Amino acid sequence: LIVEREREIEKFIKEEYWSIEGKFNKENEGQYFPAKLQKINDKTLGKLEIKNGDQAQKLISILEKADYRINNIEKREIKKNPSPPFTTSTLQQEASRKFGFSAKQTMMIAQQLYEGINLGSSGTQGLITYMRTDSLNLAQSALTQIRDLIKNSFGNEYALVAHRYFSNKSKGAQEAHEAIRPSDVAKRPSDVSSYLSREQEKIYDLIWKRAVACQMTQAIFSQTSVDIKTVELKDEYVFRATGQIVKFDGFIRAYTEGRDEKDEEEEIEGMLPELEPAEPLNLVELFQLQHFTEPPPRYSDATLIKILEAHGIGRPSTYAPTLATIQDRDYVEKIDRRYFKPT
């Protein structure tokens, strides 16, 4: 997999492309918001449509002369569910994303939390359930305990009426154990942090938050998309602005999942003022931005484990040793202490 990816990177030919962004505001208002040129005469601009700086400059010189008004406003509500509790592979992925831990390091720390930590007068106690698992199930007793904790810590509106169950999409999952969770949710990370090393504290905090968040209510966002079009030009140019506000934070109050790579195609989002259809807008400034297409990224611990699991390669117990072996034998090296490159 790593060699195939490296060949893709070697064959890759980067292409230049440009985008145009504008800053707009309402008349007589200081607060401005960003929008991106999206359409010309009802034709959506593809990613590589504006090929060079000259093309971008020509568009800028046309757009600078135009007047603008709001063409369309779309509002919609987006509901988002929490991620399931951790399995071996998702714990390794998240610890790699959030802390840069290798799979081997994560498993070593999880093993210590599972085997037991000396909690002073309470004696030695195992803080998490078994850490080699591909199951998303939680024990009924744990679900009840988590629901009570959510009500007491966050309020009734954050607790579910019925427990949430997750189904496993992983090929060949054997589900012999529960998902990874705190053995006693009442032991908050802050209660035990003084007995833990910095790394143990990070992993326990992650497992605790994820187990709690998976039983919390959905987060609700209000998303607004605004199309801004040119007035009285021969051609019609449309910019799009998107804004999102959190209406109810739900599970986000406890935990948000990390991401592997920043998505190039992400829309620029900000807070939008209250706007009305057909309302005139001021153009404050225009930018032409140069970009280059990028080759597929090299695998990190997180993305390599994800692809191994997707292909059904290995078991929960083999991800960490597999990644360690190819490094110990010098088949691969780590670039920027993060990305695998074949030697």
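Trainee: Which helix holds Thr 303?
Mentor: Helices here are DSSP runs of H or I with at least four residues, strands are E runs of at least two, and both are numbered from the N terminus. By that numbering, Thr 303 is found in helix 8.

Trainee: Is Thr 303 buried or exposed?
Mentor: This is a predicted model, where local features need pLDDT of at least 70, side-chain atom pairs count only at pLDDT 80 or more, and totals for chains, interfaces and linings use all residues. Residues are numbered from 1 along each chain as its sequence is written, and side-chain values use heavy atoms, with hydrogens and water left out. Buried means under 20% relative accessible area, exposed over 50%, and partly exposed in between, with a 1.4 Å probe and protein chains only. Thr 303 has 17% relative accessibility, so it counts as buried.

Trainee: Which residues does Thr 303 touch, not counting residues up to four places away in sequence?
Mentor: Contact means heavy atoms within 4.5 Å. With those sequence neighbours left out, Thr 303 touches Asp 260 and Arg 298.

Trainee: Where is Trp 18 placed, and what is its relative accessibility?
Mentor: Trp 18 sits in strand 1, residues 16-26. Trp 18 counts as buried because its relative accessibility is 13%.

Trainee: What separates the C-alpha atoms of Trp 18 and Asn 52?
Mentor: Trp 18 touches Asn 52, and its other contacts include Ile 50 and Gln 288. Trp 18 and Asn 52 are 34 residues apart along the chain, and their C-alpha atoms are separated by 6.3 Å.
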